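Please keep the sequence and the structure in view while reading.

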Amino acid sequence: MQAWQVHENGEPSEVMRLAEVERPTPGDGQVLLRVRAANINFPDALLCRGQYQVRPPLPFTPGVEICGETEDGRRVIANPALPHGGFAEYALADSRALLPAPESLDDAQAAALHIGYQTGWFGLHRRARLEAGETLLVHAAAGGVGSAAVQLGKAAGATVIGVVGGPDKAAVARELGCDVVVDRRAEDVVAAVKEATGGRGVDVVYDPVGGEAYTQSAKLVAFEGRIVVVGFAGGTIPSPALNHALVKNYSILGLHWGLYNTKNPALVQHCHEQLTALAERGAIRPLVSERVPLDGAAAAVQRVADGVTTGRVAVVLEKGAGA
């Protein structure tokens with residue numbers, strides 16, 4: 001079979017190599033899946049660079065989120081078991097963690113429903129307890145993680161403010177349903193959000209960026225607001241001033257979604273049921289901005305790493321091509 005492999009750490013476009021390899025053999029509790037589509041996530045770039053919290057042995061195949069097909073023909077969503085990741089014709093996965101792919105979504109959309117939307121659901125509902133009528137600020141609102149949070153926020157009845165970088169991404173954020181869009185490259189984010197909220201600030205901040213975005217979040221969070229720390233795509237891990245959280249009376253909430261797979265897997269299943277119901281009634285639909293063939297995976301991972309994409313980019317294999 002064909003699979004992308006990383007033999008040394010570095011930039012995805014430089015270290016990912018397409019090779020002919022043997023199909024992986026399932027271990028105890030694992031299942032072999034034919035990959036129909038693999039969604040590209042920022043962690044795939046971090047894996048290539050050797051900067052992710054999980055460091056599989058070299059060589060490995062990246063690709064942490066797929067829509068695959070079981071031997072009996074079921075279409076499922078899975079997180080492949082590294083080092084046998086999803087940028088390949090076949091991947092391995094934990095048989096107990098397979099989730100049914102919603103019939104309303106094609107392969108690429110289904111592959112993109114899992115990590116970003118689960119993270120958004122846990123962040124907004126489990127951690128921040130977002131309520132209808134509250135105001136939600138989403139950093140990197142046109143990206144893969146941010147676009148999911150925007151849709152989930154709107155589905156929950158919140159007013160959503162999206163922060164993006166550039167006019168193209170601003171247009172995408174508006175199409176996603178953001179009530180207010182702030183272009184950080186052309187506007188003062190803090191001033192624009194304060195104006196939009198009448199000086200009150202926002203109830204919940206969803207931050208997958210870190211760095212300067214977190215600094216802005218602390219200035220914009222309202223009384224009894226919640227900042228959900230999802231990741232550090234901006235490359236800088238902030239050092240929160242806890243005295244500021246104290247005097248302003250807000251909460252800083254960490255979210256590592258992957259922990260729920262071991263700490264409370266039943267809640268992951270419950271979340272998937274909620275997401276499937278939202279997808280079936282059209283309240284959420286993964287924004288797949290680009291579909292590429294398997295041989296285009298390395299270049300596509302690099303584009304995601306460089307932050308020039310919107311929504312999700314999916315690697316779609318010909319046999320399982322989505323609409």
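Which hand, left or right, does the crossing of H7 and H8 have? The crossing is right-handed, a term applied when the near helix is turned clockwise from the far one by less than a right angle. The model is predicted, so that local features need pLDDT of at least 70 and side-chain atom pairs count only at pLDDT 80 or more, while totals for chains, interfaces and linings use all residues. Residues are numbered from 1 along each chain as its sequence is written, and side-chain values use heavy atoms, without hydrogens and water.

Helices here are DSSP runs (H or I, at least four residues), numbered from the N terminus. H7 spans residues 189–196 and H8 residues 212–220; their axes, lines fitted to C-alpha atoms over the stretch in contact, lie 10 Å apart at an angle of about 30°. Val189, Val190, Val193 and Lys194 of H7 meet Gln216, Lys219 and Leu220 of H8, where contact means heavy atoms within 4.5 Å. This contact comprises 4 nonpolar, 1 polar and 2 charged residues.

A second pair involves H4 (residues 115–127), in which 10 of 13 residues are buried, that is, under 20% relative accessible area with a 1.4 Å probe, protein chains only. Among them are Tyr117, Trp121 and Phe122. Gly116, Tyr117, Gly120, Trp121 and Leu124 in H4 meet H5 residues including Ala148 and Leu152. Just after H4, arginine 129 adopts a positive phi of about 55°.

Notes: Buried < 20%, exposed > 50% of the residue type's maximum accessible area, 1.4 Å probe, protein only. Helix = DSSP H or I, 4+ residues; strand = E, 2+ residues; numbered from the N terminus. Axes fitted to C-alpha atoms, helices over the stretch in contact; angles between N-to-C directions. Nonpolar A, V, L, I, M, F, W, Y, C, P; charged D, E, K, R; others polar.
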